[in-house]
Amino acid sequence: MADYIIRGTAAHDFVRAFAVTSRDVTEEARKRHNLSPVAAAALGRTMAAALMMGADMKNDSDLLTLQFVCDGPIGGITVTSNAKGEVKGFVGNPSVMLPPKKDGHFDVGGAVGHGMLHVLKDIGLKEPYSGEVDIQTGEIAQDLTYYFAVSEQVPSVVALGVLMDRRDGSVAQAGGYIIQLMPDCPEEIVSALEKACVQADSVTDMLRSGCTPEDMLERILGGMDFRKMEQMPAAFHCNCSRERVTKALVAMGDKELRSLIDEGKPVTLNCHFCNTDYTFSVDELKTILVSAERYRS
């Protein structure tokens, strides 16, 4: 089943919901960054959330960034998504290893530790929207639930999960859902949703049993007249290119470029988001310098 996101409403539009399956996205990130299991779980959960939050933006040019600036051994998490279902991301320490928790689940909270969750939304205004909250547990879903409540004043349920294949270390399943209450939601709907969420299986259990995004939301919102409104594909996508990296070299300035040339060795620049290396020979650096000087003159 290819990755995709759905958006829908329930309870006479007093509830809106998103769900995603993101196994391929997470596996692509795992392979590109050579992620340990706990790092794959942390990044996979964050990317699943970013995909759903990105799907709520209006324009193709809008960008969402989730950043966990933390003191745990994972060294931070940064994920960017857009309204087209594209996502990319990285962690500071992709090889972080921690023993599982007593319940057998990955200790994502231990890997993240304490710090701040930053949410940036660039929607074409003079300044991007910026919200931040203290990291509560480091388990990603709980922190985003707290963010929605405190920073956006939107009561929400965020559930995320990544299941690894113990045989080969690949990603077996990944995904999640976000359910939000709209203003003036009747108390009986709030109570019904709370009960449904408590009774629901975990995201990983539902995905393991073969649930689609529609199935996950039907299990929770089926008794509230759930209606699917939109579906879009989800994919790991990085917009880096040799041309963009060349522009970054030019932006370093003539002095820095000459310093690199004087070292007499090829220069390799790495894209943190997709882990792609771009290598420039000394002759290529000289050509870039000449072009930059001509442009500035």
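Strands E8 (residues 156-164) and E9 (residues 171-181) pair in the antiparallel sense over nine bridges; strands are DSSP runs of E, at least two residues long, numbered from the N terminus, and two of them pair if DSSP finds at least two bridges between them. This is a predicted model, where local features need pLDDT of at least 70, side-chain atom pairs count only at pLDDT 80 or more, and totals for chains, interfaces and linings use all residues. Residues are numbered from 1 along each chain as its sequence is written, and side-chain values use heavy atoms, with hydrogens and water left out.

Ala-159 has Tyr-177 of E9 as its bridge partner. Six residues sit between the two strands, and Gly-169 in this hairpin takes a positive phi near 80°. Eight of the nine E8 residues are buried (under 20% relative accessible area with a 1.4 Å probe, protein chains only).

## The cores

The largest nonpolar core has 72 residues; such a core is a set of buried Ala, Val, Leu, Ile, Met, Phe, Trp, Tyr and Cys residues joined through side-chain atoms within 4.5 Å. Helix H2 (residues 37-54) gives this core its largest share, 13 residues. Helices are DSSP runs of H or I, at least four residues long.

Leu-144 is among the residues with the most contacts inside the largest core. Leaving aside residues up to four places away in sequence, Leu-144 touches Ala-49, Met-53, Leu-66, Leu-117, Val-158 and Leu-160 (heavy atoms within 4.5 Å).

How values were computed:
Buried < 20%, exposed > 50% of the residue type's maximum accessible area, 1.4 Å probe, protein only.
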